[in-house]
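Subject: A structure for you to look at

Hi,

Here is the structure I promised you. Have a look at it first, and then read on for what turned up.

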Amino acid sequence: MTKFKVCSKIHLFIIISVLFIAIGMAVGTACHFCANGFFNYGDEFSSYKCVTVTYYTSEYKDADAIKPVCEQALKDFNAYEVSYYSDNRMGGEIVYKYSIKTDSAKLQVAVDSLNAALDKNQSGLNVASLHEATVNEGGSRAIIYTAIALASAAAFQMIYFVFRYKLRAACSALLACVHNLGVFVALAAVTRIPVGAQFIALGAAVVLLTMIMSCVLFDRTRKNFANELYARTERVEVVDTSACEVRIISFVAICALAVAVVVFGVFAAISQMWIGALAPYALALLGLIACFYGALFFTPAVHGAIDGVCEKAKKSTKSNVKAAKPAKEKA
């Protein structure tokens, strides 16, 4: 079977990556001005309105008993999240969250009708109230700080790679981290999956996974460069061979992580009985997609190109030094 040579497709991968990241940045920028944010910010990073229903077991034994009453009163409004908190001895609480754009006056009318339906005996125990939670640019600020931290981590990684491998490998690894993180951010912006505090951790995980996979590739490449079997083989061919040898390892590792994410996502959705619980797991899958493309295609191709440029510069420097020596001898 013919081996797929990624290094020969460097221009194709660069065009695909630049085009997709540009689309993601364009969509995010447009949404920043038209849809209240570069990303679709979740609860931690966006304001919202909520209706809190407090009940006691003296009249309603559990959430299932009071839920039909609440849904009837709030049927004209679309809650994007419903949370249940219960105490078997005393009662519980139900929280309905709505977009910040929801009409407060109309929502308050619904809350008043809900109070009338909940407290028919006028006990004062069962109460519904309307609240508004305001977040002041928390998402943007947190993501900016995260970007600074990730930039620092990438700088330390580059220094480490310079000593462990060479400057060319360090440049390739740094570009791989920037590329994979950029693809991940673009995917989050384009898909409009709700972004919460987990996005920060997932961004760091993408960079960390990229670093690990870069180490695997560069270790194999260095080993093959030292192998006498490849002494007369073109360096770009050695990089291609190394990428092919670690491709299965990277593929299996990413697939295993993807399966784990899907399983945990299903369990989370079942336990919370809310489709919004899948958002962090969907973002995790987007991060794995970015790492998959970067590790299997982009990083080997870029490293082959950078290594080739460095070798040409090295040979050019040596030839200039050799040409300068005879001139000095004649002088």
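A disulfide here is a pair of cysteine sulfur atoms within 2.5 Å. With that cut-off, a search of the whole structure finds zero disulfides. Please keep in mind that this is a predicted model.

Cys291 counts as buried, at 2% relative accessibility. Cys31 is buried too, with a relative accessible area of 14%.

Now for the overall picture. The protein chain has eight helices and four strands, and from the N terminus on the elements run α-β-α-β-β-α-β-α-α-α-α-α. The chain has 331 residues, and 39% of them count as buried.

Helix 5 covers residues 167–191 and helix 6 covers residues 198–226; they pack at an angle of about 145°, and their axes are 9 Å apart. The crossing of helix 5 past helix 6 is right-handed. On the helix 5 side, the residues in contact include Ala173, Cys177 and Phe184, while those of helix 6 include Leu202, Val206 and Phe218. Sorted by class, this contact has 14 nonpolar residues, five polar ones and no charged ones.

Enjoy exploring!

Best wishes

Terms used. Residues numbered from 1 in each chain as written. Predicted model: local features only at pLDDT ≥ 70, side-chain atom pairs only at ≥ 80, totals over all residues. Heavy atoms only, no water. Axes fitted to C-alpha atoms, helices over the stretch in contact; angles between N-to-C directions. Helix = DSSP H or I, 4+ residues; strand = E, 2+ residues; numbered from the N terminus. Left-handed = near helix turned anticlockwise from the far one by under 90°. Contact = heavy atoms within 4.5 Å. Nonpolar A, V, L, I, M, F, W, Y, C, P; charged D, E, K, R; others polar. Buried < 20%, exposed > 50% of the residue type's maximum accessible area, 1.4 Å probe, protein only.
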